[in-house]
Amino acid sequence: MTVLRVLIADDHPIVRAGVRSLFAGQADIDVVGEAATGEEAVALARQQHPQVVLCDLRMGEGMDGVATTAALRALEPAPAVVILTTFDRDAEILGAIEAGAAGYVLKDAPPDTIVRAVRDAAAGRLALTPELSARVVEVLRAPRVRLTDRELEVLRLLATGASNPQIAKSLFVTEATVKTHLVHIFGKLGVDTRSRAVAVAQERGIL
């Protein structure tokens with residue numbers, strides 16, 4: 001029987017302990033190390049040569065899950081990476097996949113889903129639930145939104161809760177100009193409110 005070598009990367013000790021205990025009853029899975037940061041995960045992967053790394057998306061200061069995934073995939077040999085996180089925004093899922101992740105699983109998923117994701121990743125299969133797979137496909141099919149540099153500036157200020165007069169003052173333009181930019185932004189994002197514009201921009205990774 002082939003035993004899969006797995007590395008756990010998460011900044012919360014309780015999460016790492018929970019995942020380790022989850023694999024304790026799996027005869028074909030051996031946890032070869034734990035890392036609290038992305039940098040530590042890459043260093044341990046160089047030493048332990050895991051076949052799969054279960055990696056959190058956000059790990060405090062330093063490298064996040066996407067950067068860690070890219071660094072791990074650049075190793076030789078490169079382990080498969082499965083993101084295990086509580087965050088399920090479309091932009092984050094797509095970012096992880098684009099960085100080379102073999103899977104994306106939410107921490108509240110059933111234990112057997114997490115175990116299956118590790119086995120799938122080790123076998124070279126994409127480890128995504130049907131729901132997340134459908135969302136990735138939907139995002140990839142959606143037309144790319146291209147905002148001008150000034151529209152992005154307006155959108156970023158909008159995300160801070162700034163009013164039209166405040167945005168105009170920050171950018172040294174008139175309120176009428178700000179309103180024109182907002183009309184263009186709303187049209188490109190397919191929204192009709194300020195809050196929805198910010199939400200959609202975050203979902204699509206624009207912000």
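Which residues of strand β3 (residues 52-55) are buried on one side, and which on the other? In this predicted model, V52 and L54 are buried on one side of β3 and V53 and C55 on the other, so that both faces of the strand are covered. Buried denotes a relative accessible area under 20%, exposed one over 50%, and partly exposed a value in between, with a 1.4 Å probe and protein chains only. In a regular strand the side chains alternate between the two faces of the sheet. Strands (E, at least two residues) and helices (H or I, at least four) are DSSP runs numbered from the N terminus.

Residues are numbered from 1 along each chain as its sequence is written, and side-chain values use heavy atoms, with hydrogens and water left out. Because the model is predicted, local features need pLDDT of at least 70 and side-chain atom pairs count only at pLDDT 80 or more, whereas totals for chains, interfaces and linings use all residues.

The sheet is open and consists of 6 strands in the order β2-β1-β3-β4-β5-β6, with parallel pairing. Its edge strands are β2 (29-35) and β6 (127-128), each of which pairs on one side only. Two strands are taken to pair if DSSP finds at least two bridges between them. Strand β1 (residues 4-9) runs parallel to β3 and is joined to it by 4 bridges; I8 has L54 of β3 as its bridge partner. Strand β4 (residues 80-85) also pairs with β3 in the parallel sense, over 4 bridges, and C55 stands opposite I83 of β4.

Helix α1 (residues 13-24) packs on this sheet and touches β1, β2, β3 and β4, contact being heavy atoms within 4.5 Å. The direction of α1 makes about 170° with that of β2. Helix α5 (residues 111-122) lies across β1, β2, β3, β4, β5 (103-106) and β6, and runs at about 140° to β3. These angles run from 0 to 180 degrees between N-to-C directions, with axes fitted as lines to C-alpha atoms, for helices over the stretch in contact.

A right-handed β-α-β unit is made by β3, helix α3 (residues 65-73) and β4; right-handed means that, with the strands pointing away from the viewer, the path from the first strand over the helix to the second runs clockwise. The loop between α3 and β4 contains P77, which is joined to E76 by a cis peptide bond with omega of about 0°.

Most residues other than glycine have a negative phi, and most peptide bonds are trans. H49, in the loop between α2 (38-48) and β3, has a positive phi of about 50° and is partly exposed, with a relative accessible area of 42%. F172, in the loop between α8 and α9, has a phi near 60° and is exposed at 78% relative accessible area.

The end C-alpha atoms of helix α9 (residues 175-189) are 21 Å apart, which agrees with the 21 Å that its 15 residues should span at 1.5 Å a residue; the expected span is 1.5 Å times one less than the number of residues. V178, H181, L182, I185, F186 and L189 are the buried residues of α9. Seen down the helix axis, these residues fall within an arc of 135°, so they line one face of α9; the arc is that of the directions from the axis to the C-beta atoms. On the other side of α9, A176, V183 and G187 are exposed. The cover over the buried residues of α9 includes α7 (149-159), α8 (164-171) and α10 (194-203). Just after α9, G190 takes a positive phi of about 70°.
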